Amino acid sequence: MHIRGQLVPTIRQLSHWPRFRLRLFFEGTLVGIVSGLIISFFRWALEQGTALRISVYTVLQQGGLPENIAWFLLLIAAGYLLHRTVVYEPDAGGSGIPQVKGVISGVIRMRWLRILWVKLFSGVLGIGLGLSLGREGPSIQIGAVTAQGISRFFGRTRMEERYLITAGASAGLAAAFNAPLAGVIFALEELHRNFSGVVLAPAMAAALMATMVCRFIFGKDSIFQFGMLPHFPLRYMWIALIVGLVAAFLGQLFNKGLLSMSKFYGTDFFRSGWTRVSFALVTAGVLGYILPDVLGGGNDLINRMHEMPLSLGLFLLLLIGKYLFTFISYGCGVPGGFFLPMLVLGALSGSVVGICLIQLGLMEPAYLSNIVVISMAAFFTASVHSPITGTILIMEMTNSYDHLLVLCTASLIALIAAKLGGGEPIYDVLLQRLLKKGGPSAIDDGERNIFELTVASGSRADGRFIGHIEWPGHVALIDVKRGHEEIVPDNKVRLQAGDYIYILTDSPGAAEAVRSLVEEENA
């Protein structure tokens, strides 16, 4: 890369920080509007596909053998088509969240236009045919590549592009779940790992605009409809401990199941790639007759839980069926996320816990929906290790804003228990697997990048002079910002917790080494 192509404009941005931040805000607004429109189409197409699938199964159950055989042949053909699209653009496979994390970290590149249309087409086809996958992962990647396309159109630097990609991801989750605040927090806590004002402003602008677009089209109702939840009494706070521990166990079981599916699909039976997808779709076809509630993302199942009989056997069957079919669906590699199915599993596990407590006489039946809501947040946290996102997301998706205390409690218990059990954040593990595979998306060609990092309290850089820090090779510290103060990074400057530093490097490995140096607590 020619140095004047990226480095000089980036230095100029750092030198005119207020103007740069204002421009990012307006660009984030544009990203939110465009992403909101595209993801609204994605949501609409998925709703139409789901309605069509339900109608098809209604007809098939009344039809004869030829119609049913034709349906399964169609599923096999769709499996081959989905496989070919993923071969065409591998980075469109799966949820897309690990790919977005990799782009923001500077270790992966995305071919935005190819990913955009493949994600839209394959996501609608796969989820519409019943795979237990969610729209949120694809929506996040769609928002991210939309932002990348806008950045490329305006010729922005890679540093600015990463801010816009974070904003696009924020818009993606906000539009998928009608949850703007959760979109912002997820993008900052899980993807960017940075809460600086320069990334917060465009992310918030994008999430708000995307939500406005989606609410204009779909209305302002929350995704999950629990009605007026009763206030959760303090005398039942001990239940949060039980829910958190159960969610920690089941969340880590979920992670291990997802990661183990590569061994299942690595057997000789699935030697041809298209057989994996066809197997998942044929499984969906069988379940469409015997257990249709586990098909698709599952938000309709959550909304109907309060209408179901309080049968422990029924909810255990749904829980096991959803677990296994989500593993099969995600493991086959087609575009689609496990974010929404994970929340459904949290809701089902909460129902099982609540029914047990009711049958033991330890809880009144009126609070069962509360346990469902609490369990969703805890399950999410146990798998993803992002308690703030989990708490805010569930509050927004269920309109249960007065549950902040108990949601935080259960989420923190789940996080601590999962960490003590040796659990790792699922998206981080998936990103590492993606990098080990290599491929055309991995960045290893020595391109220069500028990264913004935050000096954390207790890190090896906190309180030390720049000249006394052993910086990795292939790294140049080019700027330091402390509040509204801009500091020339010479060797006599002492870094402090909360400082934002900007490094130039041509090595993703060196960037991660600096991240560990300044953002991780010194053991």
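**Burial, cores and a helix pair**

Student: What makes C332 count as buried?

Tutor: C332 has a relative accessibility of 5%. Buried means under 20% relative accessible area, exposed over 50%, and partly exposed in between, with a 1.4 Å probe and protein chains only. C332 is therefore buried. The model is predicted, so local features need pLDDT of at least 70 and side-chain atom pairs pLDDT 80 or more, while totals for chains, interfaces and linings use all residues. Residues are numbered from 1 along each chain as its sequence is written, and side-chain values use heavy atoms, without hydrogens and water.

Student: Why is T166 called buried, and what is it in contact with?

Tutor: T166 has a relative accessible area of 0%, so it is buried. T166 sits in helix α7 (residues 158-177); helices are DSSP runs of H or I with at least four residues, numbered from the N terminus. Contact means heavy atoms within 4.5 Å. Neighbours within four places in sequence aside, T166 contacts I104, A187, L188, H192 and V199.

Student: How do you know that S351 is buried?

Tutor: Its relative accessible area is 2%, so S351 is buried. S351 belongs to helix α14. With neighbours within four places in sequence left aside, its contacts are M305, F315, L368 and V372.

Student: What makes a set of residues a nonpolar core?

Tutor: The members are buried Ala, Val, Leu, Ile, Met, Phe, Trp, Tyr and Cys residues joined through side-chain atoms within 4.5 Å. The largest such core has 142 residues, and F224 is among those with the most contacts inside it. Helix α14 (residues 339-359) gives the largest share of this core, 13 residues. Apart from it lies another core of 19 residues, including V455 and L517.

Student: What describes the packing of two helices?

Tutor: The angle between their axes and the distance between the axes. The axes of α16 (residues 387-398) and α17 (residues 404-420) come within 9 Å and cross at roughly 145°. Axes are lines fitted to C-alpha atoms over the stretch in contact, with angles from 0 to 180 degrees between N-to-C directions.

Student: Which residues meet there?

Tutor: P387, T391, I394 and M395 in α16 meet residues of α17 including L404, C408 and S411.

Conventions
Helix = DSSP H or I, 4+ residues; strand = E, 2+ residues; numbered from the N terminus.
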